[in-house]
Every structure is written in structure tokens, then in C-alpha cells.
Amino acid sequence: MKKSQEPSAVIDIRALHTRYGKAVVHENVSLAVQPGEIFSLVGGSGCGKSTLLRAIIMLLQPVSGSIRVFGQEVIGLNDEKALPLRRRWGVMFERGALFSSLTVAENVAMVLHEHTQLSASLIDEVVALKIALTGLPADAGAKYPNELSGGMRKRAALARAIALDPELLFLDEPTAGLDPLSASGIDELVKSLRDVLGLTIMMVTHDLDLLWRTADRVAVLDKGHILGIGSMTELSQLDHPLVREYFYGPRGRAAREQAWKKK
Amino acid sequence: MTAKQFAQLEIETVTVSVPPTVNVRCAGVWTVQGIAPVEQRLAALASSDAGKWVIDGSAISALDTAGAWLLHRTMRAVEQRGARVRISGLRPEFNTLLQLIAARAATAEPAAPVKVGLLASIGQQAWSSLLGVSGMLAFIGESAIAFLRSLAQPHRIRWRPILHNLQTAGFEALPITGLLSFLMGVVIAYQGADQLQRFGANIFIADLVGLSMLRELSPLLTAIIVAGRSGSAYAAQIGTMKISEEIDALRTIGIGPQELLVQPKILALVIALPLLTVYADVAGVLGGMLMANSMLDISFSVFLDRLEDALSLSSFLTGIIKAPVFAVIIALVGCFQGFQVSGGADSVGRQTTVSVVQSIFLVIVADALFSVIFNWLDL
């Protein structure tokens, strides 16, 4: 396990406290994500995984603590200063959050038009490439989000998230609601993005298969605390009832066995 | 951004060799943010004539998919002109990326936009408005059947949503309806006072305000306010429910959306709108009365005496009878447009707008029809 106080960390969270109204979501959460790593947050529903993600991407203001992304403190950052940072990361939301009035291609192109000086024809080509990279058929680009199936919408959302070739990618439940085949396609995609583009990926997921196959390190959250951080193998040896239940429950066991078979 | 964060290009043409060779040295940051300066030059280069190309990528310090695509596209364009291209010196990880892009490029064609001709778009418009009309008729029919069914089984009428709608569409509309109607009374008295004074017919201000408010203005004004307040809310609510599949969920649970969503709204509005209209009558006359007092020195008691003579029960009823009809129009159009929503947030906005425009239009058309009918009946 790497120490969380390394200065080179892409994301460095220290002593974070967040709150929704009076409900405390996080208490004293600290973690660090290293460059080129696939880092995953897991935990039961309502444990604050997505809230943590929202705090990092500046959609939510924490009560206290520090979040550094690429060495820059994001808490209290104004929009103007946040823009260069926002260009360096891509976010894929749980339900896609594609703009429903634009086609898939326009959704991806919008980001490029907004943040680059490329010509319209090159943007169209880059958009088609991104759409192909996520495994969507070429004709998907001209479709509107509501004409796509759930799995295709996820891929389209991913295409938009990687439009600017970000160094850091946030994925919120990338495989939720997908059939096993599409989900394993996403596994491969996440891995190949990291390997080829050298991305750092932070994801929130419940998908044990995805975790075993892709995650380098995993943080288990429960009731606003981190129960443990480590590789899946390290975590599966952790002696905490909740963690054990998570890994040794019927679903956890099946996923683990499959992962070992592959190795 | 400093200059070193952009992509750079050095081109050197060797004409003495056969075939002529172009040496291209790429350097700098070939990323989506950095490639803009070299895009034009590469495009121009690809169209020049040369038999052999050597691209040296050893000085590229960063390459992402957009940069790799630009390289790949240039190389492909050159190859299509029959020239030979060799790329060398790329870092191994950049090479992998370039190969990945080349492999994916086969399937990456920008989708051609579908063009619709003028005639075809006129046809599509006409067809969709026809479908809209027939859909509206079907919806009216459905609502009527649902209404008859609940008359047969009165215990199935849902009182809670009716009361809730009475609260939101009726009670909560009281302040705005009252204020606007009061101002309308003030305006009419103000406009009329000047004219009446010229003929020395000051007292007839009570006839003017009373008749115009009771017969025409307060039913119309109230209906327009309610169409803007509640009709739009109905369309937006049902539309959003449709997008989030809540309507489908209702159907699978065995609750008809008509029964739960449409009927309570119609019934509540049929009750609320006449009441609001009466309230608007009072507020409007009050406004006129205050104005008559301050401009024409007609005391309240004189005004009210004259009002009693000027107004008959029929002038009150001809106003109030329209309100339930307007209510049905507003609720039906609002709900119908809500069900017409398909797709996303965009569609909710569009149908909400359509619901308000259509219901106000239909309310005014209905009002005109009422005038014609009342004229025939000599009311």
C-alpha cells in the first residue's frame, strides 16, 4: 500500500468532512490516488461514495478538509481558476447525463468546440474516433440519447468524458444497469484507456467483476469512514465483518473465483 | 499557454533524390489542446505531390488520441495519393496509440447528417399536426370514458389528489387572480370615466365595470391566469413523469394514468375556476368602484345601488357558466401535452409551451363561441 502523503498524487484528500444539511456524510476521510492508477470506491448504498466523487469534481462544497487534484486545492476554488482543472478531467455520470437535445456526436463535439481551436471538420473526425473508441457503431453518432439503449448511452457518456483526452477520468457506476456482455466490454475499455492513454481513473462501482478485473486499489467506505484501502487481494484478507461480507457473500465469492481462474 | 505547449512541424523537401522525399519532423505537444496550429499545414502538405514521405516523431513529447488521429489522417491521405509514408522515432507507447487509432479508424466515419427537403418537411409538419389533432380527439374520448366509468363507480374517485389540486390550482391562485382582476377593474373605470364624463353619464361607470367584468373579463382573465399557472404545471408534471417512466410504472401497478393524473385535475379545475371567477368579479368591481370614487366622486353606496340595477342574474350567470368549460379545456390540453412528451428535457419545455399557447387560444375561441350563442339566445 502506498502512503497517502506522497506529493505526486493525482488526487490527495485529507481529513475531509462533508455534510448534507445535518446529516454527516464523511468524517475524516483521507486517501490518495496515484498517477496511472485505477482507483475504486466501494461501499453500500448511501455510504457516501458518490458524494465523495461530487466533492472532488467541485459539485459539492465540503465542510472542512482538503482535496488536492493535480496538486491544486479544489475546495473554494472559483470558476475561473477551476476551468483549467476541469479541462484536465472527464466525468461520466451514472445515468449518462447526455444532453437530450443534442445527438451523441453533438454531445461529444460540444466539449471540443468549447475548449479547443480545432477546425469543425477535424472535430467531426475526432468525435467519430471517440465514438468508435468506446465501441459504439458509427451510426450511433447521429442518434439522440433517448434513441439509445442503456449500454450504448453509457458508452456515449464515456465518449463525451474522454473527448478532451483527459488525464483523469471519473466514472460513476460505469457498469450499473448493463448486461454482463456490455459490462465486460466496459471492463476492457477502462483497462485499455488506462494502458494506452495513461489515464488515471477513479470510479465508484458495485460491480465486483469490474473491481477484480480492473481496479489497482480499492477504498471501502462505510458510514463516512474508510474501512480499508488496498488491492482487491489485500482487502479480501482484511478482518472487518462488513468487508468480509462484501467479499465473501455469494456474489463476492463468485466474482473472486472467476478472477482467480483468469489469473 | 506558452509556445512549447503546442505541436510543431518542420518540413524539408529533398528534390534531388528519386522519388522526391519530404522529411517531416514533428515536435512538441500533439494533444487536443496543442494541434490546432499544425492542422492547416498538415492538410496543405497532404495534398502536395511527393513520392516518399519520412515522418520523424522522435521529438513529440506528448501524444493523445486527437494528435494520433491527425497523424494517422495525414498519413492515410498521403498514401491515398500513391506516395509511400514511413514514420519513425515514435516512443513505443505513442506507437501503440497510433496503431490503436489506425485499427479503430476503419469504423470511425463521421455520420453524414440526414437532409430533409422542403416538400418533405412540409409534409412531415402537416402529418404531425394531423396526428396531433387525432391524438387530442382520442385523448378527449379516453377522458370522457374514464369520467363515465368513475360516475358509475363513485368510490373510485380519488379525493386526495382532487383536494391537492384545488389547493394548488385554486387557493394558491387567489392572490394573483385578485390583484390582476382588481387592476383590470381600475383600468376599465379609468378609461371609461373620461368618456362618460363628457356625456354627463358618470353613474353609468357602474354598468360599464359591472357588465364587462362579470360577463367577459373576469372569466377570461381567470382562465388565462390559470392556463399559465396550472395548465403548464400539468404538462410539465406529466411530461417529466413520462420521461422517468413513472406513467409506465402506474400502468403496470394497475392504476390508469387517466384516473390518477387527469381526472382529479379536470374535476379540481372545474370546481376551482368558477370560484376563482366569482372572486375575480368581486375584485374587479372593487377596483372599478374605488376608481369611480376617486375620479368621478361617486360614493360607494351610490355605485352599489346603480350596480344592483345594472346587473341581472343572467349577466352574472353568462360569465360564470363559461368557467367550467374553460377549466375542462385547460386541464385537457395541459394533460394531453404532458402525455405528448417524448425524449428528454427539451421535449418537456416544448410541450409545456405548446400547452399554454393552445389552451389560451382555445379558451379565447370558446369565449367567442359563447358570445355568438348568447347573442342568439338574446342573453
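How many of the eight residues of helix 1 of chain A are buried? The answer is six, so to speak a mostly covered helix, spanning residues 49–56. Please keep in mind that this is a predicted model.

The buried residues of helix 1 of chain A are Lys49(A), Thr51(A), Leu52(A), Leu53(A), Ala55(A) and Ile56(A). Just past the end of helix 1 of chain A sits Met58(A), with a positive phi of about 65°.

Now to the strands of chain A. Strand 1 pairs with strand 2 and with strand 4, and the table sets the two pairings side by side.

| Pair in chain A | Sense | Bridges | Bridge partner of Asp12(A) |
|---|---|---|---|
| Strand 1 (residues 11–20) and strand 2 (residues 23–33) | antiparallel | seven bridges | Ala32(A) |
| Strand 1 (residues 11–20) and strand 4 (residues 64–69) | antiparallel | five bridges | Arg68(A) |

Asp12(A) is a handy residue to look at here: it is bridged to Ala32(A) in strand 2 of chain A and to Arg68(A) in strand 4 of chain A. Strand 1 and strand 2 of chain A also form a hairpin with two residues between the strands. In that hairpin, Gly21(A) has a positive phi near 60°.

**Chain B: where it touches chain A**

Let us move to the contact between the chains. Here 26 residues of chain B meet 28 residues of chain A. On the chain B side, the elements that supply two or more residues are helix 1 (36–46), helix 2 (65–80), helix 3 (92–105) and helix 13 (345–376). Helix 3 of chain B gives the largest share of that side, with six residues. By class, the chain B side has 13 nonpolar, seven polar and six charged residues.

**Two helices of chain B that cross**

Helix 2 and helix 3 of chain B, both contributors to the side that touches chain A, also meet each other. Their axes come within 9 Å and cross at roughly 70°, which means that helix 2 of chain B is roughly perpendicular to helix 3 of chain B. The crossing of these two helices is right-handed.

From helix 2 of chain B, the contact draws on Thr65(B), Ala68(B), Trp69(B), Leu71(B) and His72(B). Helix 3 of chain B brings Leu97(B), Leu98(B), Ile101(B), Ala102(B) and Ala105(B). Sorted by class, this helix-to-helix contact holds eight nonpolar and two polar residues, with no charged residues.

Definitions and conventions:
Residues are numbered from 1 along each chain as its sequence is written. Chains are lettered from A and ligands numbered from 1 in the order in which they are written. This is a predicted model: local features need pLDDT of at least 70, side-chain atom pairs count only at pLDDT 80 or more; totals for chains, interfaces and linings use all residues. Two residues are in contact if their C-beta atoms, placed from the backbone, lie within 7 Å. Helices (H or I, at least four residues) and strands (E, at least two) are DSSP runs, numbered from the N terminus. Ala, Val, Leu, Ile, Met, Phe, Trp, Tyr, Cys and Pro count as nonpolar, Asp, Glu, Lys and Arg as charged, and the others, Gly among them, as polar. A residue is buried if 20 or more other C-beta atoms lie within 10 Å of its own, exposed if 12 or fewer, and partly exposed in between; C-beta atoms are placed from the backbone. Two strands pair if DSSP finds at least two bridges between them. Axes are lines fitted to C-alpha atoms, for helices over the stretch in contact, and angles run from 0 to 180 degrees between N-to-C directions. Angles under 35 degrees count as roughly parallel, over 145 as roughly antiparallel, 65 to 115 as roughly perpendicular and the rest as oblique. A crossing is left-handed if the near helix is turned anticlockwise from the far one by less than a right angle, and right-handed if clockwise.
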